[in-house]
Amino acid sequence: MSDDRSTGLRTVSIVVTSYNSAEQLPATLDALSEALQQTSWDAEILIVDDGSTDDSVEVLHRYAANCSYPVRIIEQSNQGVFMAVWAGIDAAESNEILILA
């Protein structure tokens, strides 16, 4: 990854999509945090909730409150994974984007 700190950009923006994933989110996001701790990346995590009807949004807010990386949660009506990824890319602060869909 390039180092964009001189431009004020984050090294990498990580886009995660979610739809009715409340049960899987804790393990997935914990694994992501652990992996990031093994890097020197100045990362941000963007999680796009694609209109979940379960407790996904609540799980995401609990995760964001305790995460050591900046987390932004983007909530949208259900539009499908492509549009969820696009929303994350559009909101990303870095020129380098890792997509977990």
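Helices (H or I, at least four residues) and strands (E, at least two) are DSSP runs, numbered from the N terminus. The model is predicted: local features need pLDDT of at least 70, side-chain atom pairs count only at pLDDT 80 or more, and totals for chains, interfaces and linings use all residues. Residues are numbered from 1 along each chain as its sequence is written, and side-chain values use heavy atoms, with hydrogens and water left out.

**View 1. Overall fold of the protein chain.** The protein chain has 3 helices and 4 strands, in the order β-α-β-α-β-α-β from the N terminus. Along the principal axes, its C-alpha atoms fill a box of roughly 40 × 25 × 20 Å. The radius of gyration (taken over C-alpha atoms; the globule rule is 2.2 Å times the number of residues to the power 0.38) is 13 Å, in agreement with the value near 13 Å for a compact globule of 101 residues. Of the contacts (heavy atoms within 4.5 Å) with a separation of 6 or more, 76% join residues 24 or more positions apart.

View 2. In α2 (residues 56–66), Ser56, Val57, Val59, Leu60 and Tyr63 are buried (under 20% relative accessible area; exposed is over 50% and partly exposed in between, with a 1.4 Å probe and protein chains only). Seen down the helix axis, these buried residues fall within an arc of 155° (from the directions between the axis and the C-beta atoms), so they line one face of α2. An α-helix has 3.6 residues a turn, so residues three or four places apart point the same way. The cover over the buried residues of α2 includes β1, α1, β2 (43–50) and β3 (71–76). Arg62, Ala65 and Asn66, on the other side of α2, are exposed.

**View 3. The loop between β1 and α1.** Ser21 belongs to the loop joining β1 (12–18) to α1 (25–37) and is buried, at a relative accessible area of 15%. Beyond its neighbours within four places in sequence, Ser21 is in contact with Asp54 and Ser56. Asn20 lies in the loop between β1 and α1 and is partly exposed, at 28%. The phi of Asn20 is near 50°, a positive value in a residue other than glycine.

**View 4. A nonpolar patch on the surface.** Val81, Phe82, Met83 and Trp86 form this patch, with about 440 Å² of accessible area together. Trp86 is found in helix α3 (residues 81–91). Patches consist of residues with over 30% relative accessible area and no salt bridge; like charges are joined within 9 Å and nonpolar side chains (Val, Leu, Ile, Met, Phe, Trp, Tyr) within 5 Å. A salt bridge is a side-chain nitrogen of Lys or Arg within 4 Å of a carboxyl oxygen of Asp or Glu. Accessible areas come from the Shrake-Rupley method with a 1.4 Å probe; for residues, only the protein chains shown count as cover.
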